[in-house]
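Open the model in your viewer and keep the selection panel at hand. The tour goes from one selection to the next.

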Amino acid sequence: MVPAINNIIGMPRHELEEMFVSMGEKPFHARQLMRWLYGRSVLELNDMTDLSLALRERLAGQVSFALPQVTGRQNAVDGVIKWQLEAGLGQAIEMVFIPEEGRGTLCVSSQVGCAMDCPFCATGQQGFNRNLEAAEIVGQVMLARSELGEGDESAITNVVFMGMGEPLANFSAVVRAADVLLDDLGFGLSRRRVTVSTSGLVPRIRRLAEQSRVALAVSLHAPNDELRDELVPINRRHPIAELLEACWQYVDATGTRNVTFEYVMLDGVNDKLVHARQLARLLAKYPAKVNLIPFNAFPGTEYRRSPADTVERFRKVLMDSGVMTMTRKTRGDDIAAACGQLAGRVNNRVRTSLRNKMIGDMLQ
Ligand code: SAH
Ligand code: SF4
């Protein structure tokens with residue numbers, strides 16, 4: 001039987017070692033291979049000169065190193081870069097690089113679209129097609145690195161799973177990709193510099209605590225269940241109290257410093273002082289920090305951005321209650337690369353009735 005060709009980009013070290021062992025080879029070849037792939041960006045077996053010729057020939061029949069194709073690139077006036085990558089069947093996903101003083105953040109996608117249906121989010125409004133593979137997630141980081149070149153100011157220091165998709169709905173690929181990002185022989189990023197953002201898939205947060213040690217961000221967006229049921233529909237299954245409990249457990253189990261709560265400021269919807277006070281009550285005395293995100297508009301939305309002074313008053317209520325709160329700068333909005341604007345091209349294949357069933361299945 002001809003062995004299947006296995007794309008090994010994004011494969012964690014322990015899986016690669018198992019692959020070599022199952023081939024009757026020594027596990028240390030995994031380290032050699034990873035150094036070529038991630039340390040030196042070499043994707044040609046022939047150039048991997050510390051692997052014997054015989055081993056390279058064996059590998060040629062069994063593994064590939066395939067990255068998604070870049071199909072478009074836009075540069076924003078503020079230095080943000082957005083790329084479009086092909087995702088099969090005429091579809092596209094997007095990733096965004098955000099340069100800041102002393103750091104560079106790459107925002108990666110985890111799914112083609114998203115099934116969670118948050119009404120203020122361009123990705124959510126596109127529907128859902130499929131999960132990305134670990135190769136397509138780690139592939140984004142590899143592609144961005146090669147597109148950016150080697151300069152210090154263009155280095156990727158942080159990776160955030162805040163592009164298209166709900167990362168915890170694509171659990172195993174995201175955990176495997178994060179493993180490679182953290183591995184010294186992968187990208188060697190510290191655990192504080194890899195952040196998974198979730199809309200609140202509680203059972204998956206619990207499982208993440210067992211399998212990974214990445215930083216956790218949670219899209220809260222509302223301080224009470226009535227409002228959150230509307231803004232983040234997964235809340236109907238896992239309400240705020242349950243979600244927060246899972247967050248504090250995550251901190252205890254993984255030893256991370258805190259959880260970041262994202263809160264998109266929607267004019268007249270969730271930005272009143274009473275909301276700020278409710279939010280402060282939920283989070284004060286816990287290892288929490290808050291990121292207020294100015295709403296970024298997209299075609300067809302009826303939501304509006306809260307005025308800057310409203311955001312500042314909201315922030316002050318939280319700060320006065322002892323909750324560390326930052327207002328996120330909007331970056332890259334002239335090329336629709338800001339939070340919540342990534343749309344790509346998605347063939348939605350989820351009718352609403354199916355969508356609910358899928359969300360149920362995802363939570364098993
Ligand atoms: N699906 C994950 C991660 C992707 S989105 C999640 O929801 O957490 C990254 C952040 O941008 C999330 O907090 C998301 O709620 C927020 N966001 C979505 N649409 C937005 C918009 N139009 N303006 C500002 N932020 C938005
Ligand atoms: Fe999906 Fe996150 Fe957008 Fe909600 S905010 S629809 S979970 S990508």
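At what angle do helix 1 and helix 2 pack? Select residues 13-22 for helix 1 and residues 29-39 for helix 2: they pack at an angle of about 125 degrees, and their axes are 8 Å apart. Helices here are DSSP runs of H or I with at least four residues, strands are runs of E with at least two, and both are numbered from the N terminus. Axes are lines fitted to C-alpha atoms, for helices over the stretch in contact, and angles run from 0 to 180 degrees between N-to-C directions. The two helices are therefore oblique to each other (under 35 degrees is roughly parallel, over 145 roughly antiparallel, 65 to 115 roughly perpendicular, and the rest oblique).

This is a predicted model, in which local features need pLDDT of at least 70, side-chain atom pairs count only at pLDDT 80 or more, and totals for chains, interfaces and linings use all residues. Residues are numbered from 1 along each chain as written, chains are lettered from A and ligands numbered from 1 in written order, and side-chain values use heavy atoms, without hydrogens and water.

Next, select ligand 1. It is surrounded by 21 residues (a heavy atom within 4 Å), and the closest are Phe120, Gly165, Ser197, Ser219 and His221. Strand 10 (194-198), strand 12 (259-265) and strand 13 (288-294) each supply at least two residues of this shell.

Now show the backbone of Phe120: one of its polar atoms is 2.8 Å from a nitrogen atom of ligand 1. For Asn296, a backbone N or O atom lies 2.9 Å from a ligand 1 nitrogen atom.

Finally, select ligand 2; the residues around it include Cys114, Cys118, Cys121 and Gly165.

Definitions and conventions. Polar contact = N/O pair within 3.5 Å; in protein donor to acceptor, adjacent residues only side chain to side chain.
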